[in-house]
Each structure stands twice: as structure tokens, then as C-alpha cells.
Amino acid sequence: MRYLDKSIEEINKLLKDKKIKPIDLVNEAFDSIEKNSDLNAYITLNKEEAIKRAKELEDKEVDNLLFGLPIAVKDNMVTEGLRTTAASAILKDFVPIYDATVVEKIKEANMIIVGKTNMDEFAMGSSSRTSYFGAPKNPWNNEKISGGSSGGSATTVASGDVPFALGSDTGGSIRQPSSYCGLVGMKPTYGTVSRWGLIAFASSLDQIGPMTKNVLNNALLLNVISGHDSKDLTSSKKEKEDYTRLIGKDISGMKVAVPNYFMSDIVSKEVKEKIEETLEILKKNKVQVDYVDMKYLDNAVNLYQIIAMGEASSNLARFDGIRYGSSIEDASSIYEMYTKTRAKYFGEEVKRRIMVGSYLLSGENAKIYYNKALSIRDDIKKEFDRLFSDYDFVIGPTTVTTAYNLDDPMDDPSKSFMDDVLVIPVNMAGLPGLNIPVGLSKEKMPIGMHIIGNRFEEAKMYQLAAFLEKEINFEGGK
Amino acid sequence: MSKYIPTIGIEVHVELKTNTKIFSNSINGYGRMANSLTNVIDLGYPGTLPTLNEEVINLGIKAATVLNCKIRREMTFDRKNYFYPDNPKNFQITQNLTPIGYDGYVEIDDNGTKKKIYIEEMHIEEDTCKSTHRKDKTLLDFNRAGVPLIEIVTKPCISTPEEAKLYLEKLKELLFYTDVSDCKMEEGSMRADANISLRKNESDPFGTKVEIKNIGSISNVKLSLEKEMARQEKMLDNNESFKEQTRRFDSKLNDTVLMRVKETGNDYRYFPEPDIPTVIVTDEMIESVKKTIPMLPDERREKYLELGMSEINSKKLVQNRDLSDYINELLEEKIDFQQAANLLLGDISEYLNKTEKTIEETTLTKERFIDLVNNISNKTLSSKNLKDILSKVMEEESSIEEIIKSSNISNITDTDKIEKIVNEIIEANPESVSDYKNGHDRAIKYLMGQVMKETKGGVNPSIAMSILKDKLDN
Amino acid sequence: MKEKLTREEVLHVADLARIDVTEEEIEKYQVELKQLLNDIEKVNDVEGYDDDMMVAPWDDNTTLREDVPGEMLDPKKVVENAPKHTGNYIAVPVVITENESEGA
């Protein structure tokens, strides 16, 4: 058995007792990454630096549970001196000159970055197939997508390369690939994790979060990356907390709301049945489960399209070939420099979204669409507030189906949005959402349950998730 | 009088006098090595986010206060999206919907007639980077990118180019005196755009608007508006129509030149800036800013007149803020203020200009200045003598009395003493006296020279001269 | 509901977005962009919501930064990542005339 397959406490004890060194873990990680290279989980590996770092750590005190452990970072978080591409040709040779706050934090915790993971270009997509570097594959079935946009992070954790990965979630991009790959994936409350150094897709929706095989590891990583950051004005000033503190505590008496829309015909029969089974487990354990009506859930995708594409059209305007990034040679005018650079180096999905976003904000459209979207967005939040005044959680499936085939057609521009129909409302309201694997389909593909908590109630979500993890004993877990 | 009524509006950008930029902590500075005052935020690097400089909000509150604006208590920012190489993120963070100040006014005095120039709004935004255009390329220096600006927009309520000039002078004075900006048009820390349209009657709708961009000085604002009025009048007289357009003032041609005809209007795709949460302006913030506002120029001028300075001295003193601040600390003293103003605006200014010093950099403490003024008021010191000892007064620490003594120029203003000396000189030079009486005017100069020689220049020359004349003519 | 944007509409948004489009792409975008816009059009059927807007799920109001200078980049580092530079300056193709400068 590899050391990396042991529990985090066991590994920590081995390190403390000097039975193993961080380099042993790094070597195991790279052995696995190299063996799984056909899964295309990574855009850039950080092997040399990781080995160097592991050796430096040999002289350091083992000061926390995550000390010396390898971690993969989604390639939209900037790493000083380590290429960061956001899976786009426009940044294919871009070497950042500063570290994202999350990167600083995992370095401070003496974790070791093994590489930058594959993703949809600028996190726009739901299957990681919009990556300039080709799509990552699902370790459960190599014909299938691992989801997106944090597909590479999901692939590398699910295949056992590393116990930890960071993802980012704008409209489900942590939870949906976690669901497709059988992982625990948390999108924390907006403002919990600093966005400084996260290449923005949609600023009001983006949030970084942990992807792991089990609940404890997930909570431990959130402990490391959360906390106020004065470099991000949207970062919450809430005091730091221990997200593991409720794990293992009794869940009886908790109340769960299941919006009827989440269990409607948009969800496949197989997924729905698995979720119903899981709800039965909860009921047996004295959790109250009520089916409820909730307004505006069916509008969330359209709001997301307006807000995310509008913000993205502005956020991605800076990629113009002037200060950094790819640029066409010998432009005859500044206009040509812009239009040809952006035409050549942005992919199809990105271009489509930037154009639609520009349209939505232009002239009178800002009033017709954008302001309206912000109004309904506020009402979605109010609907959640209403439910959370009576319930501890809002629950449903994370995805409508299990992971689909890599060669499924990509010609429907609406498809990538509809894949995330169940997870998008959470980003609209800034709430925390978590995927916990609850079983497998007939095809042996993971099915995930989506636990939505009230703002800043991640610890309670981990409490419920840990209970289910124990009850179900999901075979990909540990 | 022209048969057309002009309607003029002015937009002014001023750079704020802060230590750091609006959304980053790099230095807000001018005239430094290219791209030496930047960080990843100013360059619009991927993953960067804005923070908001406290001092920018304070200066915004201050400007709003002295421009009599209402202050917005809950503000957000907006993104103005346009592609331009001087715009690093290709959007500018500004305040489109919730400007920090609105509904204000500035009072001007047009030859004795007071008029309020109404301010529509004033908002905070970031400056662009500086472009230098070469033949084959454009060079970008991001030192200016992210320097804080406020843009102040008047209502279309200015009626003449002269009023426009007076408004700008007043605005500049207010913002300079409150340390909101150093308002140097030549360095671009104050920039003005003017727009003007003409119509025949007050009841007519506004005529076609022409904007004149980036005018380099206040006098050129007036001049360009006059030129533009004349140009439009001629066209209207000839029934020529013209489109809304942007022009610039060419100081070599001494006229406005077309830059571009306005197309369908720029599509800036404004939307709320999601990276900057609501900014709350509290009562405490406003109160503590108000405490930092010094006596304003209008009040200073009134005060100076009250204290006996001439109108011209009062005006000139306010134009020199260092000297005005200097004398403001003496307002309670019992001195001859007209004399004090003469001294400050005359010999002392000349000395300061020559030595390129500020008055605070000299040894002229408030106490020594009071002594100096009094010595002049009581005629102990003549203006000629002052010139001789001025550098000592400004550079040495010893008392004014000591300097006068040691310079051996105890200025004889005692008329009895002077009379005695004059009598002696007349007696000793009978030839010159008779030459004078025979109409040789040069003779009196010789006699005066003898008086000066006798006193080693220590006599007050105008007193001596008048006594000498008296004696000779009688 | 019409199924295609006009050529002009596509060219307009491509211009706003500063993305060059080929003839083939124009035709493709006429259909694809329209499909997305048809999705989005559905927000106009939503009823019952109030006027309050939510720009972002901010937890706090803005905390202002003290006006104290921090670290800055070496000019050499500034130009290092730029595709084109001249000395300490970042260079771009000539911007038509000085008069065109939109400024702030």
C-alpha cells in the first residue's frame, strides 16, 4: 500500500516519527502522475521544484496535518515562476510574477505543489473539453469526461495521484466534476477564500475550494486556504474557524429541504433514485426531510448566462497582447493587434461568451437584461434565506446525469450551461455547496448529492457529509 | 452683443494629491523613470484585484465639501469598458451611478456681479497610462495608470467664455488651497474639457454641442470658447448645419481644430464593479475631513481687506498660498498689514524667487517678521537699507535690531538730526548752493551725496532730500 | 422568434469584443449567439421579483486601505512579460494620432 493511500493522520504520524520523508510522498505522487499521464490531468508539472521543496522540508518541524503533502492547483491560480495558462493559448507561455493568496497559504502550510491542473479555458465550460491542451479523462472510465471546469483537479485526485487539489467554482466547476469523479468538493461561501491571484472569470461568482477523496481532508484543506485577505475587498472578515470541528457529531434533529425542482424530470431516473435512497438514510437517522417549492430556481441558468458572460466580457478584455500573453506578430494597427490576437488565441467557447457578454452590456441591453438579472438574483437569495430560516440544508442531486462521453457533440452552445442547472443557484446567492458521493450508477459511474448550506455554515455541512460518508462507505473514498 | 446665446459646460479632471494610487499601493508620482511606479494591479495582471485608498475618499469628501456638493453616503463603483492601449484592464473603474458628490456650486465674481456656477456631479476614477507617440510605434509608461482622479462636471449653466475662465480659476484655487490637488495644468494634474452650443433665444432648444478636449491652460479655455463661438456664429449665420463633434484647441493656429465627429455615441457597457463592495461614508469621516479644511480664499481676501491691506495686495497674497498661510498665523497681531503685505509681495518674494526657497525654509520666523514690519513702520529701516540687509534677515538667526546695528546702518529718521547735518553741508559748500540757486539742478544731487557720505548712507534718503530742498528753496 | 442574428449584429458585437471574425465564423455566430440570446430572453418572462439588486454576495462593506506606499516592480520586470518593448517602455503599434487619445 502506498503511503499516500493511508489516512492523513497515519501519514502525519509517519512523518513525525521520521519513518518517511516528504520526498517519499512526492515520489509516489509523480510515479502515479506519470503512470496516469494519458488522463491529461495536468497542463504543467512542477517536478523539479517539488523535489527541491520536499528536501527543504526534511529539516523542518512537522507543524501541521498537511505538512509535506502533495497538492495539485488548478491552472487559473497564479504561481510565481510557474507557468499559468488558464488552459488558454493566449497565456500558453505566461509565467506569473506573483503568487495567488491560496498558493501562498498552501506553501506556508508546507504543502508541496506538484503541478497545475487542466481545466476548461478560463473555466468556461462543464467538461474541460474547451482546454487548449485537450480534455482530461475520467479515471472511472477513460471514455468519459471528468467534468468541468476543474476537470484536471478532479481527475488527479480521483486517480489517486495526490490527496488534495484546488478547484474554482463559478457555476458548479468544483462540485460538478467532483460529482462525476466521486469526490468531495466544496464551494465555500463567497468571500471565504481570497480570490487574489485567481484569474477572474466572473468576479461576483468565482470562489476557490478544496477537492479531495474524503470529508476530513476537505475540511482540513479549507482550514488552510480560508481567511480574510486585505488584497481582496470581497474577502470576508469573519474569524478563522476549524471546519473539522463538527465532524463525527450527531445529526439527528437536523432539517433538510428538498426543492421539488431539484427532483423534477430534468434529473435522470437513476440519479433521482440514488438521491431518494440517500434521503431515506437521513430520515432513518432522525433527519427531517421535506419537499418544498422554491421560486426562480429554473431561471438561475439564464441569470448565470447574463451575469457570468457580462462580467467575463469585461474581465477578459485585459488579454490584448500588450503587457503579457500571446500576441500576433506585426500588427499594422492597434485595432488589428486587438482583434487578430484575440481571434487567434481565444478558443471558441470563450469567444462566444465574450461576444454575448459584450452584447448584453451594450446600449440599452444593460437595463433590459443585466439589471433585471441582478434583481432576480437578489430574489433567489431571498428564497434561500426563507428556506434557511426553517431548515439546516437544502439538498438535491449535484448533476442531472452521470459523466457523459468525451466524444459527445459540443455543437450546442447551451449544453455546457444546462449541465450545471442544479449547482448554479448556489453561486447566484453566494452560498456554500458541497458534493458528497453517494453511490454508483449501473455503468459504475459516481453519483453525487449536493448539500447547500446557509452562509458560512461549512462546518455543519461537513458534519452531515461525514455522516453520509460513513453510512454509505463509498468505494472510491478513503 | 452677439445675437446668439451660448450655453457652456465644463468638465475638469484633477489628479488627487495622495501618496499612493487609487486601487493599489504603488507611489503616485510624476516625472520618474518610465514604469518605475507600478505593480501588478496597475498593469492589469491576471488575478489582480483593486483595493481602495482611504485618502482618495477623504479628498473626495473634501472637494465635495468646498464645492458645496451633497455627499453620497453609500457608493459603489462601475466599470467603463473600452479598448485602448493606455487603459491596462481595458476597462476603467469609475463612478457612473453613484458619484461621491452632486448638486453643488461655485460662486464666481464677474466684475462685481456674483454668480453661482452649478456642479452637476463629481466622481472618483482612475487615470490612464501615458502614451508617447513615435513615428513607428507608441510607447507606454504605466506610472500614471491608477493615479486617482476626480472629475467635476458643471451643469450647462455657464453663459460666457469669461465666466468659464473665472469658474476654472475659482475651482483651481479651491482645490489647491485644500490640498486636494496641486492643479498643475502644465503637468496634466488638472485638465479641462469645455462644451458649447449656441441658440437664438432662451426658449429655443439647445443648439448642436461641440466639445473642446484637453485644453492646456485656463486662458486657452476662454480663448478657445471665444474662437469656437465665432466659428459657430458664422456657420449659423450662413445657415450651415454641423454635427456634434469633438475639437481641440491648437495654440499655434490660435483656433479650434476638428478631432472627430461624434458617431452614434460610445458604447461603454457600464456595469457595477463586483470587486469593490459598497463604500459607506460616515458622519465621522465627513467631520474629520472638515477639520482639515483651512480658511478658504474668499474668506482670506475679506479678512485681509478688513485688516487694512489694499485690494490688490489682498488678491496677490491669496494667489501665493505659502505667503498667505504665513501671514494667516499673524492675523491676531497688531502690525501694519499693508506694510507687511508690501514686504511679503515685494522684497521678500523677490528674494525667495531668486534663491528658490520657500518662506518656511528661511530664518524669518514669525517673531522676526513682526520686528521687521515694525522697524519699517517706524521708519527705523528704509527700503534701501532693507535691501542691504535682506539676505542677513532671511539667512541669519540674530534679531532684526542686532542686524541693523551690526550693519552700521542705524537709519537716521530723526528730522532734527538730519536738519543739523544738512545745515553743516550747506555751510561747507557755498559754491554748490549758489549753483543750485542759479538753476543748476545737478548741484542738489552733489549736496545730497555729501549728506549721504557724512552719514555713511545711514540717513533716510527721502526725508533728507525733502529737508535739503526745503532749506535751499527758502 | 428569429433564429439568426444579422451579419451587422454579429459584426457589431465582434467589434465591441475586439475579436476578428471570418466570413465562415460570421455565419456560425449568427446562429450560435442567437441561440444563447434566445435562452437569455426567458428572463423577460420572470415575474414577481422586487427591485432590489444584488451585484455580488458581499459579506462586508469596503474596508479602505491606508495611503501607505508598498513594493513596486522593477521596470525590467514590467517589460519582461510584454511581447514588445523599447527600453523601459512597453511598445504597441502606432496609435493613429495623439488627438485620438480618449484619455480618462
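1. The largest cavity holds about 210 Å³ of space in this predicted model. A cavity here is a set of points, on a 1 Å grid over the protein atoms alone, where a 1.4 Å probe fits but cannot get out; its volume is the space filled by probe spheres set on the points, which are joined across faces, edges and corners. Searching the whole structure gives four cavities of 30 Å³ or more.

2. Who lines it? The largest cavity has 25 lining residues, with F23(B), I41(B), K89(B), I93(B) and E126(B) nearest its centre; a lining residue has an atom within 4 Å of a point. Strand β5 (residues 91–94) of chain B contributes the most, three residues. Strands (E, at least two residues) and helices (H or I, at least four) are DSSP runs numbered from the N terminus.

3. Do look at N35(B), in the loop between β1 and α1 (54–66) of chain B. N35(B) counts as buried because its relative accessibility is 0%; buried means under 20% relative accessible area (1.4 Å probe, protein chains only). A polar atom of the N35(B) side chain lies 2.7 Å from the backbone nitrogen of F142(B). Leaving out residues up to four places away in sequence, N35(B) touches residues including L140(B), D141(B), L73(C), P75(C) and Y89(C), where contact means heavy atoms within 4.5 Å.

4. Helix α3 (residues 218–237) of chain B is also worth a look: its 20 residues reach 29 Å from first C-alpha to last, close to the 28 Å expected at 1.5 Å a residue. That expected span is 1.5 Å times one less than the number of residues. Buried residues of α3(B) include I218(B), V221(B), L225(B), E228(B) and R231(B). The buried residues pack against β1 (5–15), α2 (161–177), β11 (190–199), β12 (210–215), β13 (245–250) and β14 (255–261) of chain B. After α3(B) comes N239(B), with a positive phi near 55°.

5. Chain C has three helices and two strands, in the order α-α-α-β-β. Of its 104 residues, 42% count as buried.

6. On conventions, residues are numbered from 1 along each chain as its sequence is written, and chains are lettered from A and ligands numbered from 1 in the order in which they are written. Local features need pLDDT of at least 70 and side-chain atom pairs count only at pLDDT 80 or more, while totals for chains, interfaces and linings use all residues; side-chain values use heavy atoms, with hydrogens and water left out.

Methods. Buried < 20%, exposed > 50% of the residue type's maximum accessible area, 1.4 Å probe, protein only. 1 Å grid on protein atoms, 1.4 Å probe; cavity = no way out; pocket = protein on both sides within 12 Å on 5 of 7 lines; lining within 4 Å. Polar contact = N/O pair within 3.5 Å; in protein donor to acceptor, adjacent residues only side chain to side chain.
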